[in-house]
Amino acid sequence: MGTVFDGVVEEYDAGRPGYPDALYDAVVELSGVAFAGAVVVDVGAGTGISTRGLLERGARVVAVERGGRMLGRLVARTPRGGVGAVLGDGNALPVRDGVADLVTWAQSWHWLDPVVSVAEARRVLRPGGAMATWWNTVDPESADWLAAYEVRQAEACPAYRGPALEDWGPPPSAAAMAEAGLAPAVRWIPWRRVIGLEDFLLDMRSHSWVASMPAEEVEALVARQRTELGRVFPGGVLDVPMRVYLVVGRTPEEGG
Ligand SMILES: C[S@@+](CC[C@H](N)C(=O)[O-])C[C@H]1O[C@@H](n2cnc3c(N)ncnc32)[C@H](O)[C@@H]1O
(Lines give C-alpha, C1' and ligand atoms only; values in the text may rest on other atoms or scores of the structure.)
Protein backbone atom coordinates (compact mmCIF):
# COMPACT_ATOMS: atom_id res chain seq x y z
CA MET A 1 0.00 0.00 0.00
CA GLY A 2 1.13 3.55 -0.56
CA THR A 3 -0.02 7.06 -1.33
CA VAL A 4 1.44 10.23 -2.86
CA PHE A 5 2.25 11.34 0.70
CA ASP A 6 4.77 8.53 1.12
CA GLY A 7 7.15 10.61 -1.04
CA VAL A 8 6.95 13.65 1.25
CA VAL A 9 6.96 12.16 4.76
CA GLU A 10 9.77 14.47 5.99
CA GLU A 11 8.14 17.59 4.61
CA TYR A 12 4.74 16.58 5.97
CA ASP A 13 6.07 15.84 9.42
CA ALA A 14 8.10 19.03 9.63
CA GLY A 15 5.82 21.48 7.86
CA ARG A 16 2.18 20.65 8.51
CA PRO A 17 0.37 22.44 11.31
CA GLY A 18 -1.29 20.84 14.31
CA TYR A 19 -4.85 21.71 15.28
CA PRO A 20 -5.84 24.36 17.83
CA ASP A 21 -7.31 23.40 21.21
CA ALA A 22 -10.57 25.01 20.09
CA LEU A 23 -10.91 22.32 17.40
CA TYR A 24 -10.69 19.48 19.91
CA ASP A 25 -13.06 21.31 22.26
CA ALA A 26 -15.58 21.68 19.44
CA VAL A 27 -15.32 17.98 18.55
CA VAL A 28 -16.25 17.09 22.15
CA GLU A 29 -19.06 19.63 22.25
CA LEU A 30 -20.64 18.64 18.95
CA SER A 31 -20.10 14.86 19.27
CA GLY A 32 -21.08 14.47 22.92
CA VAL A 33 -18.04 12.15 23.26
CA ALA A 34 -15.48 12.99 25.96
CA PHE A 35 -11.96 12.00 24.87
CA ALA A 36 -10.82 10.47 28.17
CA GLY A 37 -10.94 6.69 27.68
CA ALA A 38 -12.88 6.94 24.40
CA VAL A 39 -12.04 4.53 21.56
CA VAL A 40 -11.28 6.67 18.51
CA VAL A 41 -10.61 5.31 15.02
CA ASP A 42 -8.45 7.95 13.30
CA VAL A 43 -8.71 7.27 9.57
CA GLY A 44 -5.98 8.52 7.23
CA ALA A 45 -3.81 9.14 10.26
CA GLY A 46 -0.73 10.14 8.25
CA THR A 47 2.33 10.88 10.35
CA GLY A 48 0.12 11.11 13.44
CA ILE A 49 -0.66 14.81 13.86
CA SER A 50 -4.34 14.18 14.64
CA THR A 51 -3.60 10.86 16.38
CA ARG A 52 -1.26 12.54 18.89
CA GLY A 53 -3.77 15.34 19.49
CA LEU A 54 -6.37 12.72 20.41
CA LEU A 55 -3.95 10.67 22.53
CA GLU A 56 -2.81 13.75 24.47
CA ARG A 57 -6.45 14.29 25.44
CA GLY A 58 -6.81 10.78 26.84
CA ALA A 59 -8.35 8.87 23.92
CA ARG A 60 -7.43 5.29 23.01
CA VAL A 61 -6.68 5.58 19.30
CA VAL A 62 -6.65 3.09 16.44
CA ALA A 63 -4.74 4.87 13.67
CA VAL A 64 -5.61 3.54 10.19
CA GLU A 65 -3.37 4.67 7.32
CA ARG A 66 -2.86 3.40 3.77
CA GLY A 67 0.63 4.82 3.23
CA GLY A 68 3.32 2.54 4.65
CA ARG A 69 5.94 5.27 5.02
CA MET A 70 3.45 7.68 6.58
CA LEU A 71 2.41 5.03 9.10
CA GLY A 72 6.07 4.22 9.81
CA ARG A 73 6.62 7.84 10.78
CA LEU A 74 3.50 7.83 12.95
CA VAL A 75 4.78 4.81 14.85
CA ALA A 76 8.27 6.31 15.26
CA ARG A 77 6.94 9.66 16.51
CA THR A 78 4.11 8.50 18.77
CA PRO A 79 4.40 7.13 22.30
CA ARG A 80 3.26 3.50 22.15
CA GLY A 81 0.86 3.60 25.09
CA GLY A 82 -2.74 3.94 23.97
CA VAL A 83 -2.22 3.78 20.22
CA GLY A 84 -2.78 0.96 17.77
CA ALA A 85 -1.38 1.58 14.28
CA VAL A 86 -2.80 -0.38 11.35
CA LEU A 87 -1.84 -0.33 7.67
CA GLY A 88 -5.29 -0.36 6.15
CA ASP A 89 -7.89 1.22 3.92
CA GLY A 90 -10.46 3.64 5.33
CA ASN A 91 -12.98 2.26 2.84
CA ALA A 92 -12.73 -1.17 4.54
CA LEU A 93 -11.87 -0.44 8.16
CA PRO A 94 -9.96 -3.22 9.92
CA VAL A 95 -12.15 -2.75 13.01
CA ARG A 96 -15.08 -4.77 14.44
CA ASP A 97 -18.68 -3.57 14.38
CA GLY A 98 -19.89 -1.26 17.14
CA VAL A 99 -16.65 -0.82 19.11
CA ALA A 100 -15.78 2.85 18.55
CA ASP A 101 -16.99 5.98 20.31
CA LEU A 102 -15.66 8.28 17.61
CA VAL A 103 -14.36 8.04 14.04
CA THR A 104 -12.18 10.92 12.84
CA TRP A 105 -10.88 11.87 9.42
CA ALA A 106 -8.48 14.77 10.00
CA GLN A 107 -7.64 16.25 6.62
CA SER A 108 -8.31 12.87 5.02
CA TRP A 109 -12.00 12.22 4.26
CA HIS A 110 -11.69 13.66 0.73
CA TRP A 111 -9.29 10.84 -0.16
CA LEU A 112 -11.95 8.19 0.53
CA ASP A 113 -15.14 7.06 -1.13
CA PRO A 114 -17.82 9.52 0.10
CA VAL A 115 -20.50 6.88 0.62
CA VAL A 116 -18.48 3.83 1.67
CA SER A 117 -16.36 5.77 4.18
CA VAL A 118 -19.41 7.03 6.07
CA ALA A 119 -21.05 3.58 5.98
CA GLU A 120 -17.86 2.07 7.37
CA ALA A 121 -17.78 4.64 10.16
CA ARG A 122 -21.38 3.84 11.08
CA ARG A 123 -20.57 0.14 11.13
CA VAL A 124 -17.71 0.49 13.61
CA LEU A 125 -19.41 3.09 15.84
CA ARG A 126 -21.43 2.14 18.89
CA PRO A 127 -24.98 3.54 19.07
CA GLY A 128 -24.69 7.18 20.09
CA GLY A 129 -21.11 7.40 18.78
CA ALA A 130 -20.07 10.14 16.37
CA MET A 131 -17.96 10.81 13.31
CA ALA A 132 -15.95 13.95 12.59
CA THR A 133 -14.18 15.34 9.54
CA TRP A 134 -11.97 18.41 9.68
CA TRP A 135 -9.58 20.37 7.52
CA ASN A 136 -7.04 23.05 8.34
CA THR A 137 -6.96 25.66 5.61
CA VAL A 138 -5.19 28.94 5.19
CA ASP A 139 -7.58 31.91 5.18
CA PRO A 140 -6.50 34.05 2.22
CA GLU A 141 -9.50 36.36 2.58
CA SER A 142 -7.77 37.72 5.68
CA ALA A 143 -4.42 38.57 4.04
CA ASP A 144 -3.55 39.70 0.50
CA TRP A 145 -0.05 38.17 0.70
CA LEU A 146 -1.65 34.77 1.45
CA ALA A 147 -4.08 35.10 -1.45
CA ALA A 148 -1.12 35.82 -3.74
CA TYR A 149 0.78 32.80 -2.34
CA GLU A 150 -2.21 30.57 -3.17
CA VAL A 151 -2.54 32.05 -6.69
CA ARG A 152 1.13 31.24 -7.37
CA GLN A 153 0.45 27.60 -6.42
CA ALA A 154 -2.64 27.50 -8.64
CA GLU A 155 -0.59 28.85 -11.56
CA ALA A 156 2.27 26.38 -11.08
CA CYS A 157 0.40 23.19 -10.10
CA PRO A 158 -2.09 21.56 -12.49
CA ALA A 159 -3.56 19.46 -9.66
CA TYR A 160 -3.97 22.38 -7.24
CA ARG A 161 -7.25 22.38 -5.25
CA GLY A 162 -7.59 25.28 -2.89
CA PRO A 163 -9.03 28.70 -2.13
CA ALA A 164 -7.44 30.38 -5.16
CA LEU A 165 -9.99 28.57 -7.33
CA GLU A 166 -13.37 30.24 -7.72
CA ASP A 167 -15.28 26.97 -7.45
CA TRP A 168 -13.33 25.72 -4.43
CA GLY A 169 -15.11 24.81 -1.20
CA PRO A 170 -14.54 22.37 1.61
CA PRO A 171 -15.13 18.70 0.77
CA PRO A 172 -18.81 17.66 0.99
CA SER A 173 -18.66 15.54 4.13
CA ALA A 174 -21.72 17.30 5.62
CA ALA A 175 -23.76 16.29 2.57
CA ALA A 176 -22.41 12.73 2.77
CA MET A 177 -23.38 12.43 6.45
CA ALA A 178 -26.84 13.92 5.76
CA GLU A 179 -27.25 11.44 2.91
CA ALA A 180 -26.55 8.67 5.45
CA GLY A 181 -29.36 9.92 7.67
CA LEU A 182 -27.30 11.91 10.20
CA ALA A 183 -27.85 15.59 11.05
CA PRO A 184 -24.32 17.00 10.79
CA ALA A 185 -23.18 20.06 12.72
CA VAL A 186 -20.75 22.41 10.98
CA ARG A 187 -18.31 24.89 12.48
CA TRP A 188 -15.49 27.14 11.27
CA ILE A 189 -12.71 27.69 13.82
CA PRO A 190 -10.31 30.58 13.16
CA TRP A 191 -6.75 30.57 14.51
CA ARG A 192 -3.30 31.97 13.69
CA ARG A 193 -0.15 30.07 12.90
CA VAL A 194 3.25 31.63 13.57
CA ILE A 195 5.84 29.74 11.53
CA GLY A 196 9.31 30.17 10.06
CA LEU A 197 9.50 30.77 6.31
CA GLU A 198 11.45 27.58 5.55
CA ASP A 199 8.97 25.43 7.53
CA PHE A 200 6.11 27.10 5.68
CA LEU A 201 7.77 26.10 2.40
CA LEU A 202 8.05 22.50 3.67
CA ASP A 203 4.31 22.62 4.34
CA MET A 204 3.73 23.67 0.73
CA ARG A 205 5.94 20.86 -0.55
CA SER A 206 3.84 18.33 1.42
CA HIS A 207 0.60 19.08 -0.42
CA SER A 208 -0.40 16.45 -2.95
CA TRP A 209 -0.56 18.93 -5.83
CA VAL A 210 3.07 19.90 -5.23
CA ALA A 211 4.30 16.42 -4.27
CA SER A 212 3.00 15.05 -7.58
CA MET A 213 4.94 17.55 -9.78
CA PRO A 214 8.35 17.08 -11.43
CA ALA A 215 11.19 17.97 -9.05
CA GLU A 216 12.48 20.86 -11.19
CA GLU A 217 9.07 22.52 -11.19
CA VAL A 218 8.75 22.06 -7.45
CA GLU A 219 12.13 23.76 -6.89
CA ALA A 220 11.17 26.66 -9.18
CA LEU A 221 7.91 27.18 -7.26
CA VAL A 222 9.67 26.99 -3.89
CA ALA A 223 12.27 29.55 -5.01
CA ARG A 224 9.58 31.94 -6.23
CA GLN A 225 7.57 31.62 -3.03
CA ARG A 226 10.69 32.12 -0.89
CA THR A 227 11.46 35.38 -2.70
CA GLU A 228 7.90 36.74 -2.55
CA LEU A 229 7.26 35.73 1.08
CA GLY A 230 10.68 37.07 2.10
CA ARG A 231 9.63 40.49 0.82
CA VAL A 232 6.53 40.48 3.06
CA PHE A 233 8.28 38.95 6.10
CA PRO A 234 11.93 40.08 6.00
CA GLY A 235 12.43 38.68 9.52
CA GLY A 236 11.62 35.19 8.21
CA VAL A 237 8.68 34.52 10.58
CA LEU A 238 5.18 34.38 9.11
CA ASP A 239 1.88 35.13 10.85
CA VAL A 240 -0.64 33.03 8.93
CA PRO A 241 -4.42 33.38 9.33
CA MET A 242 -5.91 29.89 9.40
CA ARG A 243 -9.27 28.27 9.93
CA VAL A 244 -10.45 24.74 10.54
CA TYR A 245 -13.62 23.50 8.90
CA LEU A 246 -15.27 20.89 11.16
CA VAL A 247 -18.23 18.62 10.48
CA VAL A 248 -19.59 16.26 13.15
CA GLY A 249 -22.35 13.69 12.76
CA ARG A 250 -23.83 11.87 15.76
CA THR A 251 -25.43 8.46 15.36
CA PRO A 252 -28.71 7.69 17.16
CA GLU A 253 -28.67 6.13 20.61
CA GLU A 254 -29.87 2.52 20.70
CA GLY A 255 -33.59 2.45 19.91
CA GLY A 256 -33.37 6.16 18.97
C1 LIG B 1 -3.56 14.94 4.39
S2 LIG B 1 -3.15 13.47 5.25
C3 LIG B 1 -3.82 13.67 6.88
C4 LIG B 1 -2.99 13.02 7.95
C5 LIG B 1 -3.37 13.29 9.40
N6 LIG B 1 -4.72 12.86 9.72
C7 LIG B 1 -3.18 14.72 9.83
O8 LIG B 1 -4.02 15.24 10.56
O9 LIG B 1 -2.16 15.33 9.44
C10 LIG B 1 -4.23 12.30 4.51
C11 LIG B 1 -3.81 10.87 4.77
O12 LIG B 1 -4.83 9.98 4.32
C13 LIG B 1 -4.19 8.82 3.82
N14 LIG B 1 -5.11 8.07 2.97
C15 LIG B 1 -5.47 8.32 1.71
N16 LIG B 1 -6.34 7.41 1.28
C17 LIG B 1 -6.54 6.54 2.30
C18 LIG B 1 -7.35 5.37 2.47
N19 LIG B 1 -8.14 4.92 1.48
N20 LIG B 1 -7.31 4.74 3.65
C21 LIG B 1 -6.52 5.19 4.66
N22 LIG B 1 -5.73 6.29 4.55
C23 LIG B 1 -5.76 6.96 3.39
C24 LIG B 1 -2.98 9.38 3.10
O25 LIG B 1 -1.97 8.41 2.88
C26 LIG B 1 -2.54 10.49 4.04
O27 LIG B 1 -1.58 10.05 4.95
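Biologist: Into which classes do the residues of the shell around the ligand divide?

Modeller: The shell residues divide into nine nonpolar, eight polar and three charged, where Ala, Val, Leu, Ile, Met, Phe, Trp, Tyr, Cys and Pro count as nonpolar, Asp, Glu, Lys and Arg as charged, and the others, Gly among them, as polar. This is a predicted model, in which local features need pLDDT of at least 70 and side-chain atom pairs pLDDT 80 or more, while totals for chains, interfaces and linings use all residues. Residues are numbered from 1 along each chain, and side-chain values use heavy atoms, without hydrogens and water.

Biologist: How many residues surround the ligand, and which are the closest?

Modeller: There are 20 residues around the ligand (a heavy atom within 4 Å), and the closest are Tyr12, Tyr19, Gly44, Glu65 and Gly90.

Biologist: Which atoms of Tyr12, Gly44 and Ala106 lie 2.9 Å from the ligand?

Modeller: A polar contact is a pair of N or O atoms within 3.5 Å. In Tyr12 a side-chain N or O atom is 2.9 Å from a ligand oxygen atom, whereas in Gly44 a backbone N or O atom lies 2.9 Å from a ligand nitrogen atom, and a polar backbone atom of Ala106 is 2.9 Å from a nitrogen atom of the ligand. The protein covers 99% of the 610 Å² of accessible area that the ligand has on its own (Shrake-Rupley method, 1.4 Å probe).

Biologist: Which residues line the largest cavity?

Modeller: Rolling a probe the size of a water molecule over the atoms shows where empty space is left. Here a cavity is a set of points on a 1 Å grid over the protein atoms alone where a 1.4 Å probe fits but cannot get out, and lining residues have an atom within 4 Å of a point. The largest cavity is lined by Tyr12, Arg16, Pro17, Tyr19, Ile49, Gln107 and Asn136.

Notes
On a 1 Å grid over the protein atoms alone, a cavity is a set of points where a 1.4 Å probe fits but cannot get out, and a pocket is an open set with protein on both sides within 12 Å along at least five of seven lines; lining residues have an atom within 4 Å of a point. A polar contact is a pair of N or O atoms within 3.5 Å; within protein, one must be able to donate a hydrogen and the other to accept it, and residues adjacent in sequence count only if both atoms are side-chain atoms.
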